[in-house]
Structures are given as C-alpha cells and as structure tokens.
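Welcome! Take a look at the model below, then work through the exercises one at a time.

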Amino acid sequence: MTPPADLQADFVWWKHGVIYQVYPRSFQDSNGDGVGDIEGIIARLDYLVALGVDAMWISPIFRSPMKDFGYDISDHTAIDPIFGDLAAFDWMVRQAHARGLKVILDFVPNHTSDRHLWFLESRSNRTNPRRDWYIWRDPAPDGGPPNNWRSEFGGPAWTFDSHTGQYYYHAFLASQPDLNWRHPHVGQAMLDTLRSWLDRGVDGFRVDAIHHLFEDETFADNPPNPIWREGMSPAEQLLRTRTVDQAEVHGAVASMRRVTDAYDDNPVLIGEAYLPLERLMAYYGGAGEGFHLPFNFHLMTTPWRPQEIAALIEAYESQLPAHGWPNWVLGNHDRSRLASRVGRSQSRVAAMLLLTLRGTPTLYQGDELGMVDVPIPPDRVRDPLELNMPGLGLGRDPVRTPMPWSGEPYAGFSSTEPWLPLNPDWRDMNVARQIDDPASILSLNRALLRLRRSEPCLTRGDYRAHTVTDQLFAFERALGEDRIVIALNLGDSLQSFEAPRGLILLSTDPDRKAGSEPIAALRPNEGLIVRPR
Ligand code: NOJ
C-alpha cells in the first residue's frame with residue numbers, strides 16, 4: 001500500500017490516493033439482520049486493499065432513527081447499534097490503519113434528526129436556550145408557511161409545531177430540521193464532533209450538503225424556475241437562490257478546516273455541493289482555507305460524448321484556483337449507477353477515464369463490478385424520496401443494493417434476506433466470479449489502480465487534451481520528460497487512431513496484448529493507455 005518514495009515526500013496522501021465510498025448498510029452484514037455493519041466492513045478490508053484504493057469514506061454510521069438512512073443523526077458521537085458500537089469502530093480504524101487504509105467519515109452539519117436532544121429541547125418551548133439552534137419562524141398571516149421554500153424531499157420546507165405555534169425549516173425531511181449556523185454555539189458544538197472523531201484517529205470527513213448550510217436572512221421567496229417541466233422533482237419548481245450557496249457558508253467551512261488543520265497526518269475535508277463550476281471553486285476558499293476537495297460531480301451529469309467531456313475537463317482545469325487540487329466522481333449513493341448511465345461496455349472506458357484524469361478519484365461501492373441500477377418492487381421501496389414523490393425516478397434504492405460478494409446464499413452479503421433486494425443476476429455478477437477473471441471489470445479496475453499507483457505521471461502529471469472527435473477522446477498526462485497517452489473510444493465501432501508508437505500499458509479490451517505493437521485504431525468501446533517511446 002505504500003506509494004513510491006518520491007510521492008511521499010511532497011505529495012499528501014489525499015492527492016495521490018484513491019477514495020472508495022462504502023455505503024455501510026449494503027457493504028457486508030456480519031450479524032444476520034440483513035443490514036451491513038462495522039464488523040462486516042472489517043471483514044472486507046482486505047478486499048479494499050487488494051482492489052488498490054487508499055481510503056474509504058463511510059456514509060453515516062452514527063445513532064439515527066434512519067428516516068434518511070443515517071443522514072438524520074440523533075447523536076453525533078455514538079455509533080448506531082445497527083452498525084455496532086464505539087469499540088467496534090475503534091477496532092475498525094486500527095485494522096484499516098494497520099493495512100495502510102485511511103478512514104473518512106461523513107459529517108452532516110446542515111441538519112440533525114428531530115430526535116436529537118438539541119431539537120427536543122429547541123421545540124420544547126420558545127424560551128429554551130436551544131430554541132435558536134434551529135430555524136423557527138412565525139406563520140404567514142394566513143397561517144401557512146412563512147415563505148415558499150420547498151423541501152428537497154417533497155412538500156414545503158416548513159413544518160408547523162403546534163406546541164409552540166411556529167414553523168421550523170428543513171431542507172430535507174421534516175424529521176431532519178436544519179441547524180441555525182448563525183447561532184455561535186451551533187458551530188462550536190458541531191466542530192466539537194469533528195474533534196471527537198479526529199481524536200479517535202479518523203483521517204478526514206466528507207461534509208454533507210454543505211451548500212445548504214445557510215439560508216437568506218430576509219427569508220424572501222425563491223423565484224420560479226423557468227425550465228421546470230412536469231416529471232421533474234417538485235423541489236425544482238423554484239430556483240434555490242435563497243436557500244443554497246449563501247456567502248456565509250465559506251466562513252463556516254474555514255472553521256471546519258481550522259479544526260482539521262490542527263491535527264497531524266493531513267486529515268482531508270471533502271465537501272458535497274452540487275453547484276456549477278464557477279460557484280464550486282469558491283469552496284476551495286480564496287486562499288485555500290476551504291475544502292481540500294470540493295466534490296466535482298460534473299462527470300455524472302455531462303453527456304457521455306467526447307466534445308462535452310473534453311470541454312468539461314478544460315473548463316474545470318482552467319477554473320481551478322492555483323492552490324486547488326482537482327477531483328473526479330463518477331457515482332455515489334444518490335445518483336443512478338455509472339453502468340446504467342453509460343452502459344456496461346462504456347463503464348470500462350469510464351473507469352479508465354476516472355483513474356487516469358488529473359486529480360483524486362472517488363469510486364462508489366459496486367461500480368468496480370459494473371453494477372447497474374436494481375429494479376425495486378413497490379413493496380420493497382425504502383427511500384423517502386421515492387415514498388414521498390413516487391414514479392418520478394428519484395428513488396435511490398436502486399443504487400444502494402447490497403454488494404454481491406459470491407454465489408453463496410444472499411450473495412455472501414448476509415445470512416438472511418437483505419434490507420434491499422440483491423441485483424437479480426447476483427449468481428453470476430459477484431466479486432468471487434470476477435476476481436479471478438482477467439476479463440472482468442473488477443480486474444480492469446484493479447489493473448488501473450495498480451498502474452496509477454506505479455506511475456507518478458498519472459497522479460502528478462499535467463493534463464493536456466490530445467484528440468477530440470465525434471467518437472474519440474484522447475488526452476495525455478506529462479511529468480517532466482515522461483508522457484502517457486490515454487485514448488478512449490466512446491462509441492461501439494472501430495475508430496482509427498494513430499497512437500504514438502510506444503508501450504501499451506493497458507487496454508480495457510482484455511484481448512489486446514500489452515507490449516509495443518503499432519496501433520492504428522481503437523476497438524469498439526476500447527480505452528487504451530500508451531507510453532510513447
Ligand atoms: C446528501 C446525502 O448524500 C443524501 O444521501 C442525503 O439524503 C442528503 N444529503 C441529506 O442529508
């Protein structure tokens with residue numbers, strides 16, 4: 001797991017490392033309740049090491065009523081019993097570190113569960129000292145919500161509390177009240193939770209929904225969204241002008257960063273913000289006092305075509321601040337699976353793109369196997385997004401199904417029926433089947449990760465576009481004298497491409513021999529990595 005010496009010297013781990021997202025409910029169950037847990041993660045650490053990733057980010061494992069599957073936290077410093085306890089957590093961190101794997105936790109600063117002690121106190125009466133830890137407003141003159149703000153999860157973003165006669169604000173579920181970050185004690189209390197996990201040895205945080213942290217102080221209405229159409233999420237009927245990406249957020253991020261910077265070994269701060277590039281860049285902080293890595297989700301929404309992808313990379317690279325390190329994401333627990341979006345064949349090409357671009361890649365659990373969205377029968381739907389707004393294709397259960405580990409009962413994930421259905425083809429499509437098959441997408445991912453680790457040019461080299469046609473996208477990475485060319489055929493027909501003569505380092509096509517044969521064309525759906533002579 002140790003990177004080459006020259007990488008260690010001047011290059012912190014989160015720049016050369018690859019992050020793997022573990023969705024803990026669906027990674028590995030160890031106690032037969034159909035839900036993954038910490039012991040399960042420990043049992044699979046060797047898989048992650050063999051895969052060749054450097055860090056795991058674990059979606060929330062804190063105490064929670066699980067209305068939003070852990071993103072509704074009722075105690076930030078306790079582990080939910082469904083996942084284990086603090087002793088198991090500490091053991092997991094030690095076991096991960098013993099294998100050279102970093103541990104990144106989710107940090108959810110925008111909201112808590114309505115079962116959190118803070119909110120129970122806040123709603124108990126208007127004079128409670130914690131009243132203003134959350135956002136309370138009087139009803140509008142007609143008794144309705146204070147303004148037109150919408151919840152991301154459907155319906156108004158305001159819920160009336162009859163006991164105290166006011167509405168409270170929630171960007172997500174009514175059971176996820178928003179914290180009021182303008183109250184000084186809120187920031188202090190939340191920063192303390194960061195410290196408590198850093199003291200237990202974690203290596204960083206992925207910070208949830210950061211662009212939602214503040215709302216406009218005047219509580220003015222959000223304007224209508226002119227491009228909203230029937231079939232889109234009702235939340236999108238309005239532009240979120242007053243409810244996301246407010247200026248104060250950057251001060252709060254800098255306060256989180258001051259906390260992590262006070263710890264040794266370079267803990268990383270990663271921010272989740274779905275924003276256009278020009279807004280996203282501000283999350284690095286004007287002088288680098290913001291996130292190390294504001295998640296870059298743009299590859300997930302850019303049409304899978306050479307011109308569009310090349311233009312995105314160009315725009316992203318050129319807008320990065322001088323102190324900003326790039327990063328790329330192709331999937332997560334909230335978005336349709338990569339292989340469903342681009343197709344199974346292209347998902348191999350996409351893996352090559354993700355793992356050869358300049359910047360830290362984040363891989364989502366199961367994408368290394370080429371998993372696709374799993375159809376969920378109506379009686380098995382669990383995601384509140386689908387339950388609240390059925391039939392719009394917003395549900396996230398299809399991308400959160402259990403890891404298929406083997407052909408054993410319940411795919412080796414559990415000894416009982418899992419909380420979400422398995423992929424229907426789990427008997428053939430599983431880790432055990434793929435691990436020894438040199439043609440599998442898992443083997444391709446492992447080869448890509450090995451190559452990335454062994455070639456400083458792929459981690460540190462500059463990015464330059466090379467060739468962009470209707471079907472082909474080629475770019476190069478350059479470090480000193482060293483050059484590596486990556487050529488991707490984004491279509492399913494042969495594409496002529498005169499690769500520079502040199503050594504073929506890897507092809508997505510298992511039949512293509514490594515070596516130095518001259519290349520005049522890319523095969524259908526082929527990606528190729530060449531080191532010119
Ligand atoms: C973003 C998380 O990724 C998502 O799963 C969650 O529902 C919302 N934030 C609310 O916390």
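**Exercise 1. Find which residues surround the ligand, and how much of it the protein covers.**

Step 1: list the residues with a heavy atom within 4 Å of the ligand. They are Asp 68, Tyr 71, His 111, Phe 153, Phe 172, Arg 206, Asp 208, Glu 272, His 333, Asp 334, Arg 396 and Arg 400.

Before going on, note that this is a predicted model, in which local features need pLDDT of at least 70 and side-chain atom pairs pLDDT 80 or more, while totals for chains, interfaces and linings use all residues. Residues are numbered from 1 along each chain as its sequence is written, and side-chain values use heavy atoms, without hydrogens and water.

Step 2: look for polar contacts (pairs of N or O atoms within 3.5 Å). A polar side-chain atom of His 333 is 2.8 Å from a ligand oxygen. For an N or O atom in the side chain of Arg 206, the distance to an oxygen atom of the ligand is 3.0 Å, and for a polar side-chain atom of Arg 400 it is 3.4 Å.

Step 3: turn to the area. On its own the ligand has 300 Å² of accessible area, and the protein covers 97% of this (Shrake-Rupley method, 1.4 Å probe).

**Exercise 2. Work out the strand order of the open sheet and its edges.**

Step 1: follow the pairing. The 8 strands are in the order 11-10-9-5-2-1-13-12, with parallel pairing. At the edges are strand 11 (293-294) and strand 12 (327-329), each pairing on one side only.

Step 2: zoom in on one pair. Strand 2 (residues 55-58) and strand 5 (residues 102-107) are joined by 4 bridges, and Ile 58 has Leu 105 as its bridge partner in strand 5.

**Exercise 3. Decide whether Ile 104 is buried or exposed.**

Step 1: locate Ile 104, which is found in strand 5.

Step 2: apply the cut-offs: buried is under 20% relative accessible area, exposed over 50%, partly exposed in between (1.4 Å probe, protein chains only). Ile 104 has 0% relative accessibility, so it counts as buried.

Step 3: check its surroundings. Leaving out residues up to four places away in sequence, Ile 104 touches residues including Trp 13, Ile 19, Trp 57, Arg 206 and Ile 270 (contact: heavy atoms within 4.5 Å). Trp 57 is 47 residues from Ile 104 in sequence, yet their C-alpha atoms are 4.3 Å apart.

Notes:
Two strands pair if DSSP finds at least two bridges between them. Helices (H or I, at least four residues) and strands (E, at least two) are DSSP runs, numbered from the N terminus. A residue is near a molecule or strand if one of its heavy atoms lies within 4 Å of it. A polar contact is a pair of N or O atoms within 3.5 Å; within protein, one must be able to donate a hydrogen and the other to accept it, and residues adjacent in sequence count only if both atoms are side-chain atoms.
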